Amino acid sequence: MSLSYKGHTVVVTGAGGGLGKAYSLLFASRGANVVVNDFNGEAAQRVVDEIKKAGGNAVANTSSVTDGAAVIQSAISAFGGVSVLINNAGILRDKGFKNMSDAEWDSVIAVHLKGAYSCTKAAWSHFRNQKFGRVINTTSAAGIYGNFGQANYSAAKMGLIAFTKSLAREGAKYGISAVAIAPVAASAMTETIMPPEMLATIKPEFVAPFVVAVCHPNGPNPSGRVFEVGAGFVAEIRWERSKGTIWKTDASFTPSAVKQKWSEVTDFSEPRYPESVSDMESPLEIASTLPPNAQSSPPVRFDGKTVLITGAGAGLGRAYALMYGRLGANVVVNDVSEKGATAVCEEIRAAGGKATPVICSAEDGDAIVKAALDAFGGVHILVANAGVLRDRSFAAMSEQEWDVVMAVHLRGTYKCAKAVWPIFQKQKYGRIVTTCSQVGIYGNFGQTNYSSAKAAIMGFTKTLGFEGRKYNILANVIAPSAGTAMTMTIWPQEMVDAFKPDYIAPVVGYLTSEDNTETTGSLFEISGGWAAQTRWQRAGGHGFPANKPLTPEDIIAKWDVFTNFDDGRATNPATSAEGMQQIMSNSENTVSLVDSAVEAVKDVGKALKAKL
């Protein structure tokens, strides 16, 4: 049965060309009313004219996607409602991280991440009221795996994955689904980075049918899931986590103990496949039964190194600061609380260590780094830890609550990393640990802002891992579960007490030490003396013939194939290049004219049989 969108209104952002145009034309051909949004009014109108010439219904909208209310109002005014939102608009401002300007960072985050938030927020009440809605968010291989020269783009695109997962949880009871796709398709953006012969094999028409299939009320409903689509190839990706290892949570739990068992953390021989923040290991009972932890020799220390820690006036940041102070580091304690930062510095000094407070927002990275240089003459380690919570259901979340969480978590991390980067490059040494969260990995109800910011930090850090390696700068991201001022607002007291910040610090210590010479661009989940690595797994997928038109019905027919992780074909791409390789190889998957004719006859036969 052919999927019809008669009576549905679809809003497509960035629809003046490329993927957005392909979506608009295909939805319109299936009977949908289409709002063609693009900042280029002439391009948007050309798509509208093409739709109308073919007998369809469409209007143009030239609002910025950051003004989502204006975009969605076009649908309400022209067609009386909205059923589907395709967040497709995007820009590229590619630049090596050292040379990236704040404007290049801010504009990419604004269009991709804030734009998707703004448009979805404007549509959300309509979706809830009618108990139906579909949201497609556009991520990319750069967001999933990180990519050299795309720190801004990788951050924004990874943020959209967690945004999708959180929306899916909030929308389920209202019949609203959200799906993230990483498309590979020729567009105005990809034309700047791909050769013509490659562009010819990745037509947008190979992506649009997937989107039309999953947005239909009678189509598959993979809400909260992520798919790579392009060149006739489709595959789902999911998180895969190592079993990890557990340490005894006593005084012997040190960076030296972590070093001793690090290979167990990164061992994927017994993987898990978590889907939510509740899919956690329970290490505390096991940890209490273990003997004292073995230590590496020589021990992991930080003599002569200066470490900069944001949000270090309490909680995790304080635990980090005290650990580094004990192990010989000069510690820069940053916090917006003068009382908190000063008290931590006094604790470090009382124990014989060296520390200086810096009272400012993490967004003022230049001031924090200047204070480190003034006090200690250098900086070698950055632990980006500062954060705030503004938890609220998506329906009730204000723009200010979105913005402040993005500013402190994401922009603060960016600004501090930007400030230390030229120093690290010059001295050919640096270690960075940034802070994600289980919520950033798996999404969570009431935390679309927090989960999006934390996931964006993940994409950002993976790119830093690629760009920094040749300068001996290693960057990793952690998702810690610990009792802190933030988690106190959502955790029971006994859980806060059990998961001490002290049980996170040793892993951070090892990752930021000279002893870590290999691990970079990786994600680790940590709690209560347990640590494990988390990475992407891709299903074997399915390749449709690259020389044959693809339809939504074709997608549905092969749904079980490209969502199957258990057929022995699953892989673990670790870079954008590895991710693209299997997709691009499908361009050689072709059928002959004879095969096409045979298939056509079979299809006609099936149709006649169904009528009889």
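Q: Why is Thr520 called buried?

A: In this predicted model, Thr520 has a relative accessible area of 13%. Buried means under 20%, so Thr520 is counted as buried. Thr520 is found in the loop between α19 (505–511) and β16 (523–527).

Q: What does Thr520 touch, not counting residues up to four places away in sequence?

A: Its partners are Gly465, Arg469, Ile473, Leu474, Ala475 and Asn476. To count, heavy atoms have to lie within 4.5 Å.

Q: What makes Val65 buried?

A: Its relative accessibility is 7%. With the limit for buried at under 20%, Val65 therefore counts as buried. You can find Val65 in the loop between β3 (57–61) and α3 (68–79).

Q: Which residues surround Val65, leaving aside its neighbours within four places in sequence?

A: Val65 is in contact with Thr13, Asn37, Val71, Ala89, Val111, Gly115, Ser118 and Cys119. Gly115 is 50 residues apart from Val65 in sequence, yet the C-alpha to C-alpha distance is 4.6 Å.

Q: Why does Lys548 count as partly exposed?

A: Lys548 has 30% relative accessibility, so it counts as partly exposed. Lys548 lies in the loop between β18 (542–543) and α20 (552–557). Its C-alpha atom is separated by 24 Å from that of Asn564, 16 residues apart along the chain.

Q: What is said of the phi and the accessibility of Lys428?

A: Phi of Lys428 is positive, about 55°, although Lys428 is not a glycine. Its relative accessible area is 48%. Exposed would need over 50%, so Lys428 is partly exposed. Lys428 sits in the loop between α15 and β14 (430–435).

Q: Which value of phi does Lys131 have?

A: Phi of Lys131 is near 55°, a positive value in a residue other than glycine. Lys131 belongs to the loop between α4 and β5 (133–138).

Q: How do you know that the length of helix α1 agrees with its number of residues?

A: Helix α1 (residues 18–29) has 12 residues, and at 1.5 Å a residue they should span 16 Å. The end C-alpha atoms are 17 Å apart, which agrees. Within α1, the buried residues include Leu19, Ala22, Tyr23, Leu26 and Phe27. Just after α1, Gly31 takes a positive phi of about 100°.

Q: Why is α14 called oblique to α15?

A: The axes of α14 (residues 365–376) and α15 (residues 399–427) cross at roughly 45° and come within 7 Å. Roughly parallel needs under 35 degrees and roughly perpendicular 65 to 115, so α14 is oblique to α15. The contact is made by Gly365, Asp366, Ile368, Val369 and Leu373 of α14 with Lys415, Cys416, Ala419, Val420 and Ile423 of α15. These residues divide into seven nonpolar, one polar and two charged. α14 passes α15 in a right-handed crossing.

Q: What makes α15 and α17 roughly parallel?

A: Helix α17 (residues 448–468) packs against α15 at an angle of about 15°, with the axes 8 Å apart. Angles under 35 degrees count as roughly parallel, and α15 and α17 are therefore roughly parallel to each other. The contact includes Trp402, Met406, Leu410 and Trp421 of α15, along with Tyr450, Ile457, Phe460 and Leu464 of α17. By class, this contact has 13 nonpolar, six polar and three charged residues. The crossing of α15 and α17 is right-handed.

Q: How do the axes of α4 and α15 cross, and which residues meet?

A: The axes of α4 (residues 102–130) and α15 cross at roughly 145° and come within 12 Å. α4 passes α15 in a right-handed crossing. Among the residues that meet are Asp102, Trp105, Lys114 and Tyr117 in α4 and Glu399, Trp402, Arg411 and Tyr414 in α15. By class, the contact has eight nonpolar, no polar and seven charged residues.

Q: What kind of peptide bond joins Ser297 and Pro298?

A: Omega is about 0°, and the bond is cis. Pro298 lies in the loop between α11 (284–289) and β10 (306–309).

Terms used:
Residues numbered from 1 in each chain as written. Predicted model: local features only at pLDDT ≥ 70, side-chain atom pairs only at ≥ 80, totals over all residues. Heavy atoms only, no water. Axes fitted to C-alpha atoms, helices over the stretch in contact; angles between N-to-C directions. Helix = DSSP H or I, 4+ residues; strand = E, 2+ residues; numbered from the N terminus. Parallel < 35°, antiparallel > 145°, perpendicular 65-115°, else oblique. Left-handed = near helix turned anticlockwise from the far one by under 90°. Nonpolar A, V, L, I, M, F, W, Y, C, P; charged D, E, K, R; others polar. Expected span 1.5 Å × (residues − 1). Buried < 20%, exposed > 50% of the residue type's maximum accessible area, 1.4 Å probe, protein only.
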